[in-house]
Amino acid sequence: MQPVATTFFFYFLSGLTLIAGVLVITRRNPIHSALALILALLGQAGLYLMLYAPFVAGVQIILYAGGIMVLFLFVIMLVNIEKSQREEQFNKQWVVGILAAVALGVLFVLVYTKGRSLFPERVAQLPEQSNTQEIAVMLYGNYMFTFEIASLLLLVAIIGAVVMAKKRI
Amino acid sequence: MVAKLKAHYGSGIRESNTYLGQNYMIVEASIASELLQVLRDQEQFDYCVDVTAVHYPQREKQFDVIWILYSFPRNERIRVKTTIADGEGAPSAVPIWPAANWLEREVYDMFGIHFDGHPNLKRILLPDGWKGHPLRKDYGIIQQDQEWVKINLGIESGQ
Amino acid sequence: MTDPTFHLELQEHEKTFLDSNELIINMGPQHPATHGVLRVILKLDGEKVLGTECVIGYLHRGVEKIAEHRTYTMFNPYVDRMDYVAAVSNGLGYCESVEKLLNVEAPARAKYIRVVLAELNRLASHMLWLGTHALDIGAITPLFYTFRDREEILKIFEKYCGARLTTHAFRIGGCLYETYEGFEREVKKFLEFVTPKIGEYEELLTTNRIWVERTKGVGTISAKDCIALGVTGPVLRASGVKWDIRKAQPYAAYADFDFEIPIGQSGDTYDRYVVRMEEMRQSLRIIAQAIDRIPEGPIMAKVPKVIKPPVGEIYHSIEAPKGELGYFIVSDGSTQPYRVRVRPPSFVNLQALDLMVRDQLVADVIAVIGTLDIVLGEVDR
Amino acid sequence: MVEYIKSYLDSTTTPGQAGNMFWASVYILLIFLGLSVAVIAMNWLERKILAHMQVRLGPMRVGPHGLLQPIADAIKLLIKEDIMPSQADAFVFWVAPIVVVITAFTVFIVVPFGPTHAVTDMNIGVLFMLGVSSLSVLGIVMAGWASNSHYPLMGALRSSAQMVSYEIAMGLAVVSAVLMTSLNATGTGTLSMIGIVQSQQAQQIWFAFKFFPLGLIAFFVFAVAMVAETNRAPFDLPEAESELTAGFHTEYSGFRWSLFFLAEYSAMIAVSSIAVTLWLGGWLRPFPHLLSGSTWDLGFSLLPGITFLLLGLMAFVGVFRMPKHPYFRVQTIGLGGFGVVLGLIGLLLFLPPVRDRIQDIFWFAAKVAFFMYLYIWYRGTFPRYRFDQLMKVGWKVLLPVGIGVLILTAVAGVLL
């Protein structure tokens, strides 16, 4: 099937993501920030779909929007919201922040001006159908070791979280 | 049992008798606390059934405070009664029987009798800001704390 | 032991660096699971209960004050309005107390009728308890079953005295009414009808995994704590104390009947459930014995038209469905009682709530309120 | 127009895949209307069935046998005052029910009512369904938080913890079914909803009975998890009325509340559809290979019509059992009319072209209806779990069982 109104959806989704991203850092209420972040993640998932990466989009929705962000909200609700609202949000790391922003800006400008020469060929058209399978082959074939290391790291993180949270073991 | 207690406390136990098959003791307020402790520890009255009071406005010592006790092992009841004047405190039985906690609060609520040693003596059935103690004989049956009603319920009268 | 000084703030030693801040939840007075207008202030850490405080008195009508301004006979209907699901027991306790004060005894026939009605009332009260308790835990069906069967009891009451809920059935010195035509037959028919129904309730709950998990080990209270807190009735018996005023100090005609006192071991919610179910069966046993042996004779003892008990005081208690229901009556020789004190079982039992729900979860608070079987009309009077 | 209809009747794929925007829109509209009707019917059925389980009659006043009760309720909800707590977060409070409803309905894009009866067929169908339905928890959390009240907040916390936990068990069960699709000559499985059913057709077995009892266990894990996922009894803690009054929607009323109601029931239908698709052969009729042949085909294809005729007959029996009193005349006529409509639908379903087209939908709906009945039955029988017990069941029972089944399925798939 031919995609419909690709340009419109591209700008719509990227606009959505950008606006939501700005809202994340400007909202004072942490819950509103988290909700805006979810919106940004959903917009991103839509962009993945447009790149013929439906599996990544699905995982993005399930894991980030449906799983991690819910836990985020969970934690925010449990901690004292009034207190965190009163606290200064733009804290003393503004020097680092500006440096990072400048670096990112330079990167953007470079990509925009020299992008065509840096990446002379267009990215290969990904096949529409076997996309999920290719990811599986990569994860469990080529990058098996890295994948397992990542899972081990997560296990350590889980145990660490349990140890920290539990009052008595 | 009564003989033993009488020997120990002497005139502290003013009267001990049986009426309609029910035993009761009238004791001085000063020994009440100690006596209740003894009744629980030595005479096995392990269950405090009720704490209540009666108001006799014409008497000098206006209030009767009554502890109704029961012993599971002996299957026997006894009433311990003491008289106190208005404003005088009665000994609290909460350290002896935790059951007395709410019962004493109710007596305080209804009669205004202070229980010395009660951990949390405040009104229980009536609202905290209420004035007056309704079960006193001088409190009329349709009397109310009109001020409280007006402020909290926003009406002229609860009647 | 229960902590009478209730701190709403988390104690310093209770805090860890990852602690969520505690939540104060106000449960009631309008809440579906507080069985009336009980207000419980819960201090929670997440879902764990750190402490409770009961606020009662929303239904306070000053019954004890009213008594001082009514004659002995006039006060009789007021007691029906205290524990309104077990009105017969209230009336029984009051009438017997005044009879004792007057030093008269009801005739045998009246005593038997009293026992039959009081036990029917105990069944009705336990049925209501079972339905609402199960509803609180989330099983909605038993409620309708028990209400269906309770209806049959109420029909008998209605035929006997005209009232279904606030049954003014007894009178000082005996019974108000002679039994109606076919009373025995209808009670027997009811016994036949209800015996399998109790099995039906048990089928839904007793071995239901979720029910067992929700009730076993919940709201445990030891026999020692029960006695110290003055808790009586099925709650005390579920903790393993074999004590029932019907056996310990028999009143009415209970000495004539053969029945068991069911007891539990662990004193948790499940045991209380089992004890009450067994109590319902024992009630059926008592009714079956009593209905066959109702003697002929008068239903009223010789009491004067104007009741003027001699100066004196009396404490008399009976085993109401909820526990020990006592009346302390002081007479000054006039037609009106000088002081009537009601020792309500629900009020005293409710004190144990705090101890029973400490360190348990919010859902258990509901289960424990249900299992205590309180009636706010009696708590507040 | 004619071309469009023809193109649909001839097509062998779903309108979404064929790029047929018109038919896709029609399908979306049909699903939306069908779902609304299904929710209304479920409302009536639940009350009736539950009532009969509990020795009472249920709604009887509005319309014959209370048939119009859900409509009366809907009208009541729509004209009710819409209350918003003064301290609530207005925007989030407003948007929460919409999020819940949108997620509940979006899921149905990939539900295959038949080989061509779906809005579209995604190659990540199952993943899409799980992902989108996992978003509904966001709406619940938003509702609970925005109400700015303790009970809704606790309801929201409970529901988020519950749904996140049971999603894992659910996912594992789903994966073991997806694994079964790969047991063919090419060795490639599929996540597409239609592909899963087709692979059950090709393997000539419903996945619930594949590698007995592995498929059945996975199916049960899913069946338990899906009840928890939809917040229904015995896992209805987020809205446990005896504990949290009404949980996350305590502060909602009127239309907004009805949106939550709508979402809850369509979510129930959605997860039941996943279960039917993954384990019970989706739109396939029972025993398509055992009882094959033209006679059996004809017999099974007549069943939808017969069902409706029977329903119409029941309505007519009801007409004769109605009290003969002028007060009930309108109701009796209404019931008769209802019976006639049902009977006419039944007759319509006997026409060959309709018969062939409707069969798949009928079987799918029948299987989903079975799950709906289970939901009601659970509610009538079970007490409610406590929160820690709920977590225990999720993490200590369903999760290990799910992992075990997944591994065993993989082993069995390699060996057998």
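**Entry 1: the core.** Before looking, I wrote down what a nonpolar core is: a set of buried Ala, Val, Leu, Ile, Met, Phe, Trp, Tyr and Cys residues joined through C-beta atoms within 7 Å. I also noted that this is a predicted model. Which residues touch the most other members of the largest nonpolar core? I found B:Leu69 and D:Ala225, in a core of 308 residues.

**Entry 2: around D:Ala225.** I stayed with D:Ala225 and listed what it touches, leaving out residues up to four places away in sequence. The list reads D:Tyr166, D:Ala169, D:Met170, D:Ala173 and D:Leu398.

**Entry 3: α7(D) with α9(D).** D:Ala225 belongs to α9(D), and D:Tyr166, D:Ala169, D:Met170 and D:Ala173 belong to α7(D), so I looked at this helix pair next. Helix α9 of chain D covers residues 214–229, and its axis lies 9 Å from that of α7(D). How do the two helices run relative to each other? Their angle is about 150°, and angles over 145 degrees count as roughly antiparallel, so α7(D) and α9(D) are roughly antiparallel. I noted a left-handed crossing for α7(D) and α9(D). Among the residues that meet are D:Gln162, D:Met163 and D:Glu167 from α7(D), and D:Val221, D:Phe222 and D:Met226 from α9(D). Sorting the contact of α7(D) with α9(D) by class gave me 13 nonpolar, two polar and two charged residues.

**Entry 4: α6(D) with α11(D).** The crossing of α6(D) and α11(D) is left-handed. From α6(D) I listed D:Met129, D:Ser133 and D:Ser136, and from α11(D) I listed D:Ala263, D:Ala267, D:Ala270, D:Val271 and D:Ile274. In this contact of α6(D) with α11(D), I counted six nonpolar, two polar and no charged residues.

**Entry 5: chain D meets chain A.** How many residues of chain D are in contact with chain A? I found 25 residues of chain D against 21 residues of chain A. On the chain D side, α6 (125–146) and α7 (150–181) each give two or more residues. The largest share, twelve residues, comes from α6(D). This side of chain D has 18 nonpolar, seven polar and no charged residues.

**Entry 6: chain A itself.** I counted seven helices and zero strands in chain A. Of its 169 residues, 15% count as buried.

**Entry 7: chains B and C.** Which chains share the most contacts? Of the four pairs of chains in contact, it is B and C. Chain C gives 34 residues to this contact and chain B gives 29. On the chain C side, the elements that give two or more residues include α1 (63–67), α8 (223–229) and β6 (312–320). β7(C) gives the most, with four residues. I sorted this side of chain C into 14 nonpolar, twelve polar and eight charged residues.

Entry 8: Chains A and B make no contact, and their nearest C-alpha atoms are 30 Å apart. Chains B and D are not joined by a contact either, with their closest C-alpha atoms 22 Å apart.

Key: Residues numbered from 1 in each chain as written. Chains lettered and ligands numbered in written order. Predicted model: local features only at pLDDT ≥ 70, side-chain atom pairs only at ≥ 80, totals over all residues. Contact = placed C-beta atoms within 7 Å. Nonpolar A, V, L, I, M, F, W, Y, C, P; charged D, E, K, R; others polar. Buried ≥ 20, exposed ≤ 12 C-beta atoms within 10 Å, placed from the backbone. Axes fitted to C-alpha atoms, helices over the stretch in contact; angles between N-to-C directions. Parallel < 35°, antiparallel > 145°, perpendicular 65-115°, else oblique. Left-handed = near helix turned anticlockwise from the far one by under 90°.
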